[in-house]
Amino acid sequence: MRTVLASFERARLVGSLRSLHVQEGMARIYVGNLPLDIRTRDIEDLFWKYGRIRDIDLKTPSRPPAFAFVSFENYQDAEDAIRGRDGVQFEGARLRCELSRGSADQMGYGGGRYGDRGGGGGGGGGGPP
């Protein structure tokens, strides 16, 4: 009986988390531990094989590491990207990939693809999701 309740609670929690990160099937992931000299194109090269990318929001703070948010058009693609890239060595560091903690209205959907946002940049104040 306890196992059934635990499974039910886990399914309910996953459903709640998905509603925070998904808008019409889309999902955004956080990618951390990136080198400061990374480019949007490098991130696209890392994640293109997992599915259609809607947006890449690259953050390069004044102190390492850099990080990015990658928005996929499909939630399953985002999950596949996390499984495939979390912990992978990239330019001497282990990538950290997880679902973004921001809500769907904070994701900035409505713009075009990643090239429309202007690329990298932000100063301090930004950090992991």
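1. Aromatic pairs. The count of aromatic pairs in this predicted model comes to four. One of them joins Phe47 and Phe72 in an edge-to-face arrangement, with 6.4 Å centre to centre and 75 degrees between the planes. Because Phe47 belongs to helix 2 and Phe72 to strand 4, this pair ties together parts that are 25 residues apart in sequence. Phe47 and Phe72 are both buried. An edge-to-face pair is also formed by Phe67 and Phe69, at 5.9 Å centre to centre and 90 degrees between the planes. Phe67 is buried at 6% relative accessibility, and Phe69 is buried with a relative accessible area of 9%. Together with Tyr30, the residues Phe67 and Phe69 make up one aromatic cluster.

2. Overall architecture. The protein contains three helices and seven strands, which follow one another along the sequence as α-β-β-α-β-β-α-β-β-β. Of its 129 residues, 38% are buried. Among contacts with a separation of 6 or more, 72% are between residues 24 or more positions apart. The exposed surface comes to about 7500 Å², of which carbon and sulfur atoms supply 50%.

3. Nonpolar core. Which residues of the largest nonpolar core touch the most other members? The core has 23 residues, and those with the most such neighbours are Ile29, Val31, Leu34, Ile43, Phe47, Val70 and Phe72. Two or more residues of this core come from each of strand 2 (26-34), helix 2, strand 3, strand 4 and helix 3. For Val31, setting aside residues up to four places away in sequence, the residues touched are Phe47, Phe67, Ala68, Val70, Leu95, Arg96 and Cys97.

4. Helix 2. Six of the eight residues of helix 2 are buried, so this helix is largely enclosed by the rest of the structure. The buried residues are Thr40, Asp42, Ile43, Glu44, Leu46 and Phe47. They pack against strand 2, strand 3, strand 4, helix 3, strand 5 (89-90) and strand 7 (96-99). The buried set includes the acidic residues Asp42 and Glu44, and Glu44 takes part in the salt bridge discussed next.

5. Salt bridge within helix 2. The count of salt bridges comes to eight. In one of these, the side chains of Arg41 and Glu44 meet at 3.3 Å, N to O. Both residues lie in helix 2 (residues 40-47), three residues apart, which is about one turn of the helix. An α-helix has 3.6 residues a turn, so residues three or four places apart point the same way. Is Glu44 buried or exposed? With a relative accessible area of 15%, Glu44 is buried, because the cut-off for that class is under 20%.

6. The side chains of Arg52 and Glu73 meet in a salt bridge at 3.6 Å, N to O. This pair links distant parts of the chain, 21 residues apart: Arg52 is in the loop between helix 2 and strand 3 (53-59), and Glu73 is in the loop between strand 4 (66-72) and helix 3 (75-85). Arg52 is exposed, with a relative accessible area of 53%, whereas Glu73 is partly exposed at 35%. A further salt bridge brings together the side chains of Asp57 and Lys59 at 3.5 Å, N to O. Asp57 counts as buried at 15% relative accessibility, while Lys59 is partly exposed with a relative accessible area of 28%.

7. Strands 3 and 4. Five of the seven residues of strand 3 are buried, so strand 3 is largely enclosed by the rest of the structure. Strand 3 pairs with strand 4 in the antiparallel sense over six bridges, and the two strands form a hairpin with six residues between them. Lys59 has Phe67 of strand 4 as its bridge partner; Phe67 is also a member of the aromatic cluster with Tyr30 and Phe69.

8. Arg63 lies in the loop between strand 3 and strand 4. At 66% relative accessibility, Arg63 is exposed. Its C-alpha atom is separated by 8.2 Å from that of Leu36, a residue 27 residues apart from Arg63 along the chain.

Technical notes:
Residues are numbered from 1 along each chain as its sequence is written. This is a predicted model: local features need pLDDT of at least 70, side-chain atom pairs count only at pLDDT 80 or more; totals for chains, interfaces and linings use all residues. Side-chain values use heavy atoms; hydrogens and water are left out. Helices (H or I, at least four residues) and strands (E, at least two) are DSSP runs, numbered from the N terminus. Buried means under 20% relative accessible area, exposed over 50%, partly exposed in between (1.4 Å probe, protein chains only). Contact means heavy atoms within 4.5 Å. Accessible areas come from the Shrake-Rupley method with a 1.4 Å probe; for residues, only the protein chains shown count as cover. A salt bridge is a side-chain nitrogen of Lys or Arg within 4 Å of a carboxyl oxygen of Asp or Glu. A nonpolar core is a set of buried Ala, Val, Leu, Ile, Met, Phe, Trp, Tyr and Cys residues joined through side-chain atoms within 4.5 Å. Two strands pair if DSSP finds at least two bridges between them. Rings of Phe, Tyr and Trp (its six-membered ring) pair if their centres lie within 6.5 Å; planes under 30 degrees apart count as stacked, over 60 as edge-to-face and the rest as tilted.
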